[in-house]
Amino acid sequence: MKLSRTIAAGLVAGATLVGSAWAGVGLVPISTDTPPVVDADAAATTAGAVGIEHRTGVPKPAGSLVGAAKVSIYPDPETYDGTWERDRAKCATLSEDAFSNPPSGDHLAAAGTPWPENPSCIYMGGYGIGPMNPIVEVEPDYGFWVRSVAIGDGTDTIVLTVIDAEGYLWDYKSKCERCGSKQLAEDLGAELGIAKESFVIAATHSHTAPDLIGGWGFVPDWYMNQVTDAIKTSVRDAVATMRPATIEVGEVTARGQNRERRDTYRSAEEQQLTWLRAIDEKKDVIATVGAYAAHPTSAEESTGLGDPDWIGRFEKGVEERFGGVGLHFMTGLGNMSTSGGVEMGHVLAGMVPDIGDGTVLTNTDLRVTQATWEQPATNVPLTALGFPGFFDREFLTTPSALRTGKSPDTAPCLSTSAFTVELPATAARIGDQFALTAAPGEVFSNLTNTIKDNAKATVTMPLAQANDALGYMPQSFELSPVGQQGLGFVAGGVLIVNYEDSYAIDRCVGDMVLETTLTLLDSIR
């Protein structure tokens, strides 16, 4: 996320005011019972018990089945009975009195968010806080898309979807009905006969793509409906086109295209571009999937031109080189910035080896599992934005407690809060050569490197911003609790702490994501 210094001071003051109001809510007696302590092993074990049945011992057809599809999300107001305001002067931006003089009830009903925005404008996500940069046109060479790939082994299937957007949420509070990743997985799973745990819906995190979470002004209701329909269509089409395929995977060192950016300490970088390619029996490429970590903040945000940033260049680049559908997913981007601007997408696309030069997956047995848990939400400014609807995530007004970490009995990370949010983590393996995980926010490279080290696979893709987009997720040793409560917004965080800390939902969230993910990977080894 890129922070506007002009807006930062206003946010700190505003979040403090709103946070004070919600602190009063937190003092209302909610329960005298001690909440159960959630730990990573218990969360993963419970999910495995109620999740996917892996049918051990049941013969499966030899080989993989793969299908892919892409659906444009270029704004289509006519089809969805809406209006796309394309006059930038008519798209309101955040003013100094946004919090002290909130919009009227009529505006809330029209815009679907308390931000002082024009409800017909499509806003970019990730620059400043509140409505900042409207989109009045979309970059014509790359466009905005929803892309999906479905991979199966004849019994189990996993569907990977990526949206050109800043983020996409697990559970929306009020913006739309049954459009969160959680509900879409339930509904599409029931329709297509695929376990709901087998869907991964991620966002590219391009900051010049639409804001689909509400932190920066949101999008019109009709456009949210269009994106939801596009997700469903891309998934259905990917599943419908599944056919026998050979899968090859690989990993390329791409050190020159990213860099770590923490201000108060040096962090381990994640420097590998991992890739997967599916080729059908006619030797045609069905899909090429890339995964790399670098914040897509290079496209110009002030012109009104929506842009998928370097991710769009990568996806189009592999489509032109190999054919089929190109997809790109973020990995440990929380502390990683770009070094090559938007053109790095073309560079990375050129680094993917030629057809036949990867590692062919000889064991195609697919296993997928998922865990959810109740995560304490201790970040006062973030929950202060969430509860009134400035950030449209479903928060629970029930207490929760958490104990996690590498050594939870002797050196635990402990957290408790009156407010809670449900978070998911996913893990998948194809044979013993390929592993994939999905984390619900901007995890850091220390975390993703650890997943790669422990997965014991030839190639591992530790995806981020997948099935949720709940802020930065550093591990506890990387986070300043003081910065978490708003100081990270001051002067971009460089004077005192790292600004990323101010977007972290809890000091233990990264630890819980990591330990849960490692347990899930072990359970399907």
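Mentor: We start with a term: a residue is buried when its relative accessible area is under 20%, exposed when over 50%, and partly exposed in between. In α5, the buried residues are Trp222, Tyr223, Met224, Gln226, Val227, Thr228, Ala230, Ile231, Ser234, Val235, Ala238 and Val239. Please keep in mind that this is a predicted model. Of the 525 residues of the protein, 62% count as buried, and the secondary structure comes to 11 helices and 24 strands.

Trainee: Why is Ala349 called buried?

Mentor: The relative accessibility of Ala349 is 2%. The cut-off for buried is under 20%, so Ala349, at 2%, counts as buried. Ala349 lies in helix α7, residues 344-351.

Trainee: With what is Ala349 in contact, leaving aside its neighbours within four places in sequence?

Mentor: Ala349 is in contact with Phe314, Gly317, Val318 and Arg321. The criterion is heavy atoms within 4.5 Å. The C-alpha atoms of Ala349 and Arg321 are 8.3 Å apart, and the two residues are 28 apart in sequence. For the protein, among contacts between residues at least 6 apart in sequence, 81% join residues at least 24 apart.

Trainee: At what angle do α6 and α7 pack?

Mentor: Helix α6 (residues 309-322) and α7 pack at about 35°, with axes 7 Å apart. Their crossing is right-handed. From α6 the contact takes Trp310, Arg313, Phe314, Gly317, Val318 and Arg321; from α7 it takes Met344, Gly345, His346, Leu348, Ala349, Gly350 and Met351. By class, there are seven nonpolar, four polar and two charged residues.

Trainee: How do you know that the span of α5 is close to the expected one?

Mentor: The expected span is 1.5 Å times one less than the number of residues. For the 20 residues of α5 this gives an expected 28 Å, and the helix reaches 29 Å from its first C-alpha to its last, so the two values are close.

Trainee: Against which elements do the buried residues of α5 pack?

Mentor: They pack against β2 (64-72), β3 (122-123), β6 (145-152), β7 (157-163), α4 (181-192) and β8 (199-203). The axes of α4 and α5 are 11 Å apart, at an angle of about 35°, and α4 passes α5 in a right-handed crossing. There, Leu184, Leu188, Glu191 and Leu192 of α4 meet Thr228, Ile231, Lys232, Val235, Arg236 and Val239 of α5. These residues divide into six nonpolar, one polar and three charged.

Trainee: What makes a group of residues a nonpolar core, and which members of the largest one touch the most others?

Mentor: Its members must be buried, of nonpolar types such as Ile and Trp, and joined through side-chain atoms within 4.5 Å. In the largest nonpolar core, of 107 residues, Ile163, Tyr168, Tyr172, Leu212, Met224, Ile231 and Trp373 touch the most other members. Helix α5 (residues 221-240) supplies the largest share of this core, nine residues. Apart from it lies another core, of 33 residues, including Val149, Val200, Ile247 and Leu361.

Terms used:
Residues numbered from 1 in each chain as written. Predicted model: local features only at pLDDT ≥ 70, side-chain atom pairs only at ≥ 80, totals over all residues. Heavy atoms only, no water. Buried < 20%, exposed > 50% of the residue type's maximum accessible area, 1.4 Å probe, protein only. Helix = DSSP H or I, 4+ residues; strand = E, 2+ residues; numbered from the N terminus. Axes fitted to C-alpha atoms, helices over the stretch in contact; angles between N-to-C directions. Left-handed = near helix turned anticlockwise from the far one by under 90°. Nonpolar A, V, L, I, M, F, W, Y, C, P; charged D, E, K, R; others polar.
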